[in-house]
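This report concerns aromatic pairs, charges over rings and nonpolar cores. The sequence and structure are shown below.

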Amino acid sequence: MSQDQFGKNRIQYKKFEWKLVSTDNFDVYYYFEGESLAPIAATHVESVFRKLESALGYGGFNKTKVLIYNSTSDLQQSNIGLQYNSAVGGSTNLVKPTVEVAFNGDLTTFKEDLTEGIARTWIKVILFGGNFKEVLQSSYFLSLPDWYVNGASEFIAKGWNREMDNYMRDLATSNKLRNPSSYSGDEATLIGQSVWQFISDRYGPDMFTNILQITRIYRSDRSSIEAATGSYFKNFIQDWKSYYAEKAMAMDGAFVYDEYFKAVNGANHKGREVTTPVLSFDGKYLAYSANYKGRYTVFLTNTETLKKKKIHSGGFKLNDQVAITNNPKLAWQSESVLATVIIKRGKIIYTTHDFVSHKNEKRVIEVFHQINSYSFSSDGKFIAFSADEKGQADIWLYDIDRAKYLKITNDEYDDHSPSFGPGNNVIFSSNRNDDTLSTYTRYQSAPNYSLFIYKPGSKTLKKISAQGCNYTQPTFLNATTILYLNDNNGVQNLYKQDINTGEAVPLTNNVTDILEYNYNAKQQLLAFSARSNGKEKVFIDTAFSVMDVVEITNKTEQSNITRKKILPPEKPKPTTNLIKVTPKQNEDDIDLDKVYFESDVTLLLPKKVIPVVKDSNSPPKRSMISTYGPYDYKNLFGTDIVSAAIQVDPLRGLGLLVESKMSDLMGNHRVNLGFFGIADIKSSSIWGEYLYLKRRVDMSVRFNRSTYFPTDGNVSHRYAMNTVESKFSLPFTVYSRISASPFVSTTRFSDLSDFTTIVNYPDQKRLYVGSKFEFVYDNTISSGMNMLQGTRAKVSFDTYINTADSKGNFNRINVDIRRYQKIHRGLILAMRGSFGRSFGQSPKSYVFGGMDNWLFNGTDNGGIKNPLAIAAGGDNSDIMFAKYVTNVRGFKYNAQSGNSYFLANLELRLPIVKYIYSGSISSAFLRNLQLVTFTDIGAAWYGSNPFTTDNSLNKTIIPGASFQAEVNNYRNPFLYGYGFGARTFMFGYYVKGDIAWGIKDNVQLSPQFYFTFGYDF
């Protein structure tokens, strides 16, 4: 029972009806309102195919599947990658060439994400193999750190970009640069990108491909780099650090944040991402949000005292999914009203918080897929949105009093950061090539961002051109002066510009980017977020003045490469067989120029088809490649996991477990098949399961057959149990769910001791109907094999009704709570408490003692009553319902038995090699080596509780010829065990070796040795 299944959930808040368009090398899948993104994606992936093929030395034998999601919130509802639990080992996860990409409100980033996703998938196929044999070999011998694979794909897609350059400069100037293997998550990706950039620059672009190909042979990042570069890995890492330290020296003399300001959010040791620092109109308060892997908190800080308080929190920390890290977005509507835009349960929730009246108002915005940014007019009556609707990031205005939307731009250019100025003019940043407002599609965007000013009612925009750099996040200082971020020298600094004369001057000269800023002109306060000492921080400059102009003389080397890409778009070859994907026009199409509130909580859209505006003076169109389709999605199954493992069943013994798990492309339909058999080929289990995960409620059907042939001297029995179960599971959150599982179960007993028993004792058959109810909570994250952090809990209730005799009815309740607490670095304290009770007219037994998958095990008699005993003519079909309770180290199986039990476990887990060494560890044996110390305490008993005299622990019955004696003993009911052990990964299995001493009735027993397979609890 220590290997109970937990797991997180994927929740489907909407229905996805997939379609696909096909090209020569890719299948691109999309769904409703993704029609405009599909041809863009198809054109882009084909344009980079040959260059990816050349850079990676791989082109694939089958078409790569590309799945396009309208937003990250939609992507989080995907069932692809839903993790399987593997307790023993011996499993092989097959690599499928499938890429999932979410549109995040920016076409430029969307294309980069497509390239990165394809590169990452192909790199995994190159390194881990594309067929069963190669994957099997790699699963045993190849294990690469996150920075190696993810950094390689990031480098392929983005090359040496400003984000990575700023990140490395910050680490180098603050002396925070460590060995690559010590980083994880997004930081590992940026570190890996920097390593591959260093390799390309120092050893030539071809070295990238060489190292990847060598990795398949050497199966180690360290050995592959040493073999390809001819440099010891230690020297290579030192050269890499020196390389970026020299690059950082180009910014000597620039402003270092932590030397002058105290961060509002402290040191930010956890590495939360901070977004939208906004000052209230009176300058008294600063609001900002902090987000850690999807779990967010909104803080309100007093700008004078710097005291902060939490005003809102939500979301869930995601370790195996793409998190929405820029959630929520904040803006002040007035001096006392703060607005937030939050993505929650697949919907956009707009909320206002009034800190004077303490009233909150919420609305659901259904117009957009996502909101990139927004701001209020000075009187708080209008909102300017940069929002995505149907794959376009456009500028919208919203009249709060009339509840009416007006769409300002309507084209494929990326429009961001709108801000109101005098006369409700709106300034925003865009990569558009044209200053005329028209409905443009398929037009080439500019390679950089400039600024544009919209005057209400005008059909043209005033352009403020950026020359060889990017102008972003503009705001009006007054009618003739604007502020914005400018990355002309490779760092985003704050600039001031006169609109009439065009004169622009820098106001800051920083060592790394200003990520976001907010300026309060009345109080002359500048709030901004930036990366410092390796973390994102929020600062307030109380002495800032727009009159203090600075001089910028230094410039990064990266800035000399204007948006350098390793894979520039390749112009597709002209074709005469052009098949264009045309969105279906029907009554569901809408006019986005007119959108109204139907109620206070829901936005609805009137229905109308938007005409395409043609302009003879429009900019040049981008090329479109030929596509075939669209076609409806069909469920085609493929194998995900194949497993063949040794397993030890505590009742039946050592055997072979074979499993195969299959699913369709979307992971919505899954089929699991399995077989377990021991050497005598008599005792076995076979099962099959189908899961349907496409809707809000997950459903499954499972068939299971188990047989057991015990023998004891001349006694030989056969027990068989068949169960058909359907399961309905409702996830509340990604962490929790409830489920109900009605079932039908049959048991059959046959006495096969000899011919006489076969004749005299006919087979006994029983039919049960019932249901199992379960609540599961799991917020754990994994940092390695057998290394969890977080909490798990499960509460289950089973009820069995014997259809022939009510005296055979029984129920069972189980509670299992586990906590994994990080102590220091990789040192984990694992705690578990478990309780179970079977009751009713025919309660079943718990078998207490031992460990799961224990080789060379032993079994005791269970105390006064042995639930595993068999006798001639004796039907012990209850043996098929017995539950083994582990881990109870220091004792054999069946050390105690009863219809109730309690167990507590405590383990201290130390990954000894990873704890003392932060570098790359190529050996799977050393990388996963753990030393543990543990203690277990618990008891199993028949009766009301273990302390009464009338239970199996304290009462002993001595039979006699004409009478029987009952002896009551007042014993300590609990079994104690303590000891130590080691765990590691060997030959495809996670193996454990332990030695434990048991204490029973206050007497220490001889040491018990355990050699087991699989993870701990």
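## Aromatic pairs

In this predicted model, the count of aromatic pairs comes to 63. One of them joins Phe103 and Phe110: the pair is edge-to-face because the ring planes meet at 80°, over the 60 degrees required, and the ring centres are 5.6 Å apart. Phe103 and Phe110 are both buried.

Tyr398 and Tyr405 form a tilted pair, with 40° between the ring planes and 4.5 Å from centre to centre. Both of these tyrosines, Tyr398 and Tyr405, are buried. They also belong to a cluster linked by ring pairs, in which the other members are Phe368, Tyr374, Phe376, Phe385 and Trp396.

## Charges over rings

Two arginines are described here. Arg432 lies over the face of Phe452, at 5.9 Å from the ring centre. Arg909 is placed over the face of Phe1017, and the distance to that ring centre is 5.0 Å.

## Nonpolar cores

The largest nonpolar core comprises 65 residues. Within this core, the residues with the most contacts are Leu56, Phe110, Ile191, Trp196 and Trp240. Helix α1, spanning residues 37–56, supplies the largest share of the core, with 11 residues.

Leaving aside residues up to four places away in sequence, Ile191 touches Tyr167, Met168, Leu171, Leu177, Pro180, Tyr183 and Trp240.

How values were computed:
Residues are numbered from 1 along each chain as its sequence is written. This is a predicted model: local features need pLDDT of at least 70, side-chain atom pairs count only at pLDDT 80 or more; totals for chains, interfaces and linings use all residues. Side-chain values use heavy atoms; hydrogens and water are left out. A nonpolar core is a set of buried Ala, Val, Leu, Ile, Met, Phe, Trp, Tyr and Cys residues joined through side-chain atoms within 4.5 Å. Buried means under 20% relative accessible area, exposed over 50%, partly exposed in between (1.4 Å probe, protein chains only). Helices (H or I, at least four residues) and strands (E, at least two) are DSSP runs, numbered from the N terminus. Contact means heavy atoms within 4.5 Å. Rings of Phe, Tyr and Trp (its six-membered ring) pair if their centres lie within 6.5 Å; planes under 30 degrees apart count as stacked, over 60 as edge-to-face and the rest as tilted. A charge sits over a ring if NZ of Lys or CZ of Arg is within 6 Å of the ring centre and within 35 degrees of the ring normal.
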